[in-house]
Amino acid sequence: VNGLFLTDLSVVCMHTDPMLRLVLLVQSATPTAINLSVITTMHNYLAKEMATVLFYQYLLAIVSLTINVSLFLYAIPLL
Amino acid sequence: MEQIIWASAQASIKITVMGGCGAALSRLSLLDKPTSSRISRLLASFLIPCMLFVSITPNMSWQNLVVYWLLPVALLVYTLVGIVCGFVVALLANVDRDMYRFVVIACSFGNTTSLPLALITSLAVTSANLSNTMGFYPIKDGLPIEDTPEQSLARGVAYVFIVLLVATLTRWTFLYRFLVPANHNPDAPDGPAAQKLVANPGDEVELRDVVDDTDEQCGSIYNDRNMITNYCLDDLSDDEQDDEQFVDQPKLHQLPTAPANRHDADNIILELGSGRPVSHIDRPFIAPVTVADTSRTPPTYSLKQQHPTTDNTTQLQLQSPLPPSPTPSSTTPTATPTTSRTMRVLVAIKNFICGIEVPAWAALVSVICGLIPSVRYILFESPAGYFKFFTDALTAFGDSVVPMTLLTLGVSMSEGPKPTAKLGLCTTLLILVTRLFVIPLFGILFLYLLGLASMLPLGLSSLINQPEHGDVLSL
C-alpha cells in the first residue's frame, strides 16, 4: 500500500507502519481479558469458571502466541 | 524467533505465578472470596479508572484518533467475529442456556493492553528492521527519518492505548450488562452478603429480588454512589399513584422472604424510593442516617439507615415530599408534581449516567483531557510539573491494577483449575481453540482484505505527542 505525500522538502513514498499492523494482528491473538474476572468476581457470577478458562488460556497462550506472532511477522511484509 | 517465545512465555508465566500467589494466599486464608469480591469492586470503581487516566491521556490527540481510526474499528470487528464464533462454540458444546453469554464473551473480549504491550516491547527491534526493509519512514519535525526500535515502540504503545480506550468503553458498558443476567442475585451462591442474609433474613432477599426485577433502565447492579438516587427520583416523579401505599411500609419490611406478589413489591420499591436502591455491593459507600429517618426505630428501618451520602440537593428534593413523621406507621407522602419537569430531566440524565460504569467514565474523561492540548500539556508534559503529585498518585494507584486483579483471579482458582460441571472440558477446549487460533487467522484475513481495499492508514506523521508550547502560551 503506497501513497505519495508532499513534505517540506521532497516527495516521500510511504508505507503503512509495520508496528500498526503488528498491533492490529496481536489484538486478535490475545487470550481473554483478565478484566472479565474482575466483573465476574464482583458479581459472584461464574467466577470460578472464568478463572478456569483464563488459567488454561494463559497457559496455552505461551504456545499459541509464539506460533501466531511468528506467522504475523512472516505475513506483515506480504500484506 | 527466540525473542517471541521468550516474550510470550514471560508474559504468560508472570500471570500464572501472580495468580498462583493469590491461590496460595487463599489457601493460607489471608484472602477469601468476600475479600476478593470486594477488591474487585475497588478495582472497578477506583484503581482501573486511575490506570486508564494516566495511560490514555498522554497518548491521545486528534491526530492519532483521526489517522488511526482503524484501531478501534478493528477491535470492534474482532469482537463481533468473536461473538459469532462464541455462539457457534456454545451450540457445538451444547452448553446450558445460562452459559451462552459466558462462552460468547470468553471468545470475544481479548486482552488488549498488558499482553500486547509485553509483546511489542520485545518485538520493537524486529519491527524497526521491518520498517527499514519495507521502506516505512516515520516523519519527525517534517522530515522522514530512519525508524529506530525506540520510535517503533513509542508508536506501538500509543496504538495499544487507542485500542484500550475503545476496549474499555465496550467492556464497561455493553459487556458489563451482557455478562451478568439482570435477574442474577450477586450474593446468592457464596457471596459476601451470605452472612448478611443470615443476620437480616427478611428484608434483604426480598428487596433485592424486587429491585432486580423492576430495574429496567438501571440494569447495572453495581452503582456508583452518584447514580443511586436515580431510583428515588424515578419513583417520586412517576409512581405517584402508588404513594398511598406508603402507609404500611414498616410491616412490609418484615415480610418473609418468599416471593412477594407485585403489590407488596411496589410498596417496597417505594420504601426504597425514599431510600437507596438495593445495590448490594457498595457497602463501602453506606453512610449514616438521613434527616428523614432520624425519628425511626432501628429494627424496623434497618434498611433506611443505609442511605448512601449523595449530594445534598438531591437529598433535599427527595425528602421534601416525605416529611419526618413521629411514628413509622403514619408516614404520609405528599409528593407533588410541581417539580416534575425538572425531575424528569434529572431522571433522564441520571438514567443515562446510570448506564455507564466508572471505568467507562474514566476513559471518556481521559480522552477529553487528552484531546485538549493545553490540559494534556499541563498535566503530563510540562517540564515544570506542577501536577506531578497528581499524575504520580494516579500512576501509583494504576500500577496496582495488575497485581490486584491477578490476586483475585488466584482466589477464584484456589480450588484447582478443574473444569466444573457448568463448564465442561469440551467447552473449555473449544473456547481455547477459538480464542487462540481461529480469531488470529481471521485477523490476518481482515488485514489482508483491508490491504486489498487500500484502507490501511499510512504513516504520515509522528504519532508521539510533541509538547505544544504554542497552545499553552497563547492561553
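Student: How do the residues lining the second largest cavity divide by class?
Tutor: The model is predicted; local features need pLDDT of at least 70, side-chain atom pairs count only at pLDDT 80 or more, and totals for chains, interfaces and linings use all residues. Ala, Val, Leu, Ile, Met, Phe, Trp, Tyr, Cys and Pro count as nonpolar, Asp, Glu, Lys and Arg as charged, and the others, Gly among them, as polar. By class, this lining has 6 nonpolar, 2 polar and no charged residues.

Student: Which residues line the second largest cavity?
Tutor: A cavity is a set of points on a 1 Å grid over the protein atoms alone where a 1.4 Å probe fits but cannot get out; lining residues have an atom within 4 Å of a point. Residues are numbered from 1 along each chain as its sequence is written, chains are lettered from A and ligands numbered from 1 in the order written, and side-chain values use heavy atoms, without hydrogens and water. The lining is Leu54(A), Phe55(A), Tyr58(A), Ile15(B), Thr16(B), Gly19(B), Leu409(B) and Met413(B).

Student: Which elements each supply at least two residues of that lining?
Tutor: Helices are DSSP runs (H or I, at least four residues), numbered from the N terminus. The elements are α3 (47-75) of chain A and α1 of chain B.

Student: What is the volume of the largest cavity?
Tutor: The count comes to 8 cavities of 30 Å³ or more. Volume is the space filled by probe spheres set on the grid points, which are joined across faces, edges and corners. The second largest cavity has about 60 Å³. The largest cavity has about 100 Å³.

Student: Which residues lie nearest the centre of the largest cavity?
Tutor: Its lining has 5 nonpolar, 6 polar and 2 charged residues. Of the 13 lining residues, those nearest the centre are Leu75(B), Thr79(B), Ser108(B), Phe109(B) and Gly110(B).

Student: Which element gives the largest share of the lining of the largest pocket?
Tutor: A pocket is an open set of points with protein on both sides within 12 Å along at least five of seven lines. The largest has a volume of about 610 Å³. Its lining divides into 16 nonpolar, 10 polar and 3 charged residues. The largest share, 5 residues, comes from α2(B).

Student: Is Asn44(A) buried or exposed?
Tutor: Phi of Asn44(A) is near 50 degrees, a positive value in a residue other than glycine. Asn44(A) lies in the loop between α2 (35-43) and α3 of chain A. Buried means under 20% relative accessible area, exposed over 50%, partly exposed in between (1.4 Å probe, protein chains only). At 10% relative accessibility, Asn44(A) counts as buried.

Student: Is Asn94(B) buried or exposed?
Tutor: Asn94(B) also has a positive phi, near 55 degrees. Asn94(B) is in the loop between α4 and α5 (100-108) of chain B. At 65% relative accessibility, Asn94(B) counts as exposed.
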